[in-house]
Amino acid sequence: MKRAFVYLSHKKQNGKVLVVEDTLEAFKLEISNVFEIGGDFRLFTENGCEIVDVRVIRDDEKLYVNCGDSKSCDTIESSLAKLSLNRCSEVSDWITLNVGGRYFTTSRSTLQSKEPLSMLARMFADDNNMYLMNPSATDSRGAYLIDRSPEYFEPILNYLRHGEVIIDKYVNPRGVLEEAVFYGIDSMIPHIQKIIEDSKSYDSNHALTRMDVVRALIKTSTSIELRFQGVNLAGADLNRLDLRFINFKYAFLSRCNLSGANLSYCCLERADLSHANLEGAQLLGVKALCANMEGANLEGSNMSGVNLRVATLKNANLQNCDLRTAVLAGADLECCDLSGSDLHEANLRGANLKDAAFELMLTPLHMSQTVR
């Protein structure tokens, strides 16, 4: 929230500190009430420029009220006279801007041609060798000072140069949008808004990478449950990572490489692990009710105590797996290869075992708890 120091121009010693309202009309109404003045009046900055939009008012800026009488215009007229004296020299075609401590050099035509009504264009417009709007103070190097973010200003200047909106990956487009509004680069605003909308859609559909998962693991305390519930990790390479106790409920892990990963005591309920590679993975005590593991490779995995009730394991490779006390009740094991697996006390009640392979079993199938 910005504030301004407002003066009746012929009573400068009687200024008031006011909060800048959302609109110019509301701000003028507040000024009228505080100073008890009626009728229409105009607001000017200290250098004599009229305020037509509250967005151009800076925090702690001095503003002057012009009520229309000759006395109230003294300060404004003197300011304009001083401005004329200071700007009577020839305007240079090349301009250096000091934006938040960073220097930008550009041509006057670049600032004017694309957006002739913008703040930057009016600041450096050449009308009989006179600027139409005071371009602010200069520093020791003669660069014009602008107290704004240089990070967000660079895409705006590049847009004025070539007409394309290009925003680096690590620059927030919302910040660029705010600057475009401030400078009045109206033609740029719809392009940035589209980038923001597209980024929202991208974030919701884009699959996380191994680096995204590693960053989350590093930042999260071991005492806090890490949730990847419903996230898209399709095709991610997560091999050999320690992923114990993570909530992957409803997560999309299709074709994910989880070979050698430790997923013990994770929640994989209703997760999609179709055609994922879990060879040699640790799946102790995993809750994977209704999970989709169709075509997944689980060869040599330790799945002791896993709960795969009503899960889909059609065409999955479960060779040489440790499935002791595993719950496979109601699971679809059609064409599943369980050769060499240990099913001691496993619950297979109601499972679909059509065309499933049980060669070289360590535990005879009749010893499994097919009925519990």
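1. Let's start with Ser 107, which sits in strand β6, residues 102-107. Helices (DSSP runs of H or I, at least four residues) and strands (DSSP runs of E, at least two) are numbered from the N terminus. Is Ser 107 buried or exposed? With a relative accessibility of 14%, Ser 107 counts as buried. The cut-offs are these: buried is under 20% relative accessible area, exposed is over 50%, and partly exposed is in between, using a 1.4 Å probe and protein chains only. The side chain of Ser 107 makes a polar contact of 3.1 Å with the side chain of Ser 109. Polar contact here means a pair of N or O atoms within 3.5 Å; within protein, one must be able to donate a hydrogen and the other to accept it, and residues adjacent in sequence count only if both atoms are side-chain atoms. Setting aside neighbours within four places in sequence, Ser 107 also has contacts with Asp 93 and Trp 94, where contact means heavy atoms within 4.5 Å.

2. A word on what you're looking at: this is a predicted model, in which local features need pLDDT of at least 70 and side-chain atom pairs count only at pLDDT 80 or more, while totals for chains, interfaces and linings use all residues. Residues are numbered from 1 along each chain as its sequence is written, and side-chain values use heavy atoms, with hydrogens and water left out.

3. How confident is the predictor? The pLDDT (its confidence in each residue, from 0 to 100) has a mean of 84 for the protein, and 84% of the residues reach 70 or more. Over residues 70-76, though, pLDDT is below 50, and this stretch has 14 contacts in the model beyond near neighbours in sequence. Residues 82-91 also stay under 50, with 18 contacts beyond four places in sequence.

4. Now look at helix α1, residues 24-35. Its twelve residues reach 16 Å from the first C-alpha to the last, close to the 16 Å expected at 1.5 Å a residue; the expected span is 1.5 Å times one less than the number of residues. Which residues of α1 are buried? They are Leu 24, Phe 27, Lys 28, Ile 31, Ser 32 and Phe 35. Viewed down the axis of α1, these buried residues fall within an arc of 140°, so they line one face of the helix. That arc is taken from the directions from the helix axis to the C-beta atoms. An α-helix has 3.6 residues a turn, so residues three or four places apart point the same way. On the face of α1 turned away from the buried side you'll find the exposed residues Glu 25, Leu 29 and Asn 33. After α1 comes Glu 36, with a positive phi near 55°.

5. Most residues other than glycine have a negative phi. Phe 245 is not a glycine, yet its phi is positive at about 65°; Phe 245 lies in the segment after α8 (210-219). Thr 325 is also in the segment after α8, with a positive phi near 55°. Thr 325 is partly exposed, at 36% relative accessible area.

6. Rings of Phe, Tyr and Trp (its six-membered ring) pair if their centres lie within 6.5 Å; planes under 30 degrees apart count as stacked, over 60 as edge-to-face and the rest as tilted. How many aromatic pairs are there by this rule? The count is six. Phe 124 and Tyr 144 make an edge-to-face pair, 5.1 Å centre to centre with 65° between the planes. This pair links distant parts of the chain, 20 residues apart: Phe 124 is in the loop between α4 and β7 (144-146), and Tyr 144 is in strand β7. Phe 124 and Tyr 144 are both buried. Elsewhere, Phe 104, Phe 153, Phe 182 and Tyr 183 form one aromatic cluster.

7. Leu 97, in strand β5 (residues 94-99), counts as buried at 0% relative accessibility. Leu 97 and Tyr 144 are 47 residues apart along the chain, but their C-alpha atoms are separated by 4.8 Å. Among the contacts of Leu 97 beyond four places in sequence are Phe 104, Phe 124, Tyr 144 and Phe 153.

8. Thr 45, in strand β3 (residues 42-45), is buried at 10% relative accessibility. Leu 117, in the loop between α3 (108-113) and α4 (119-123), is exposed, at 73% relative accessible area.

Notes
pLDDT is the predictor's confidence in each residue, from 0 to 100.
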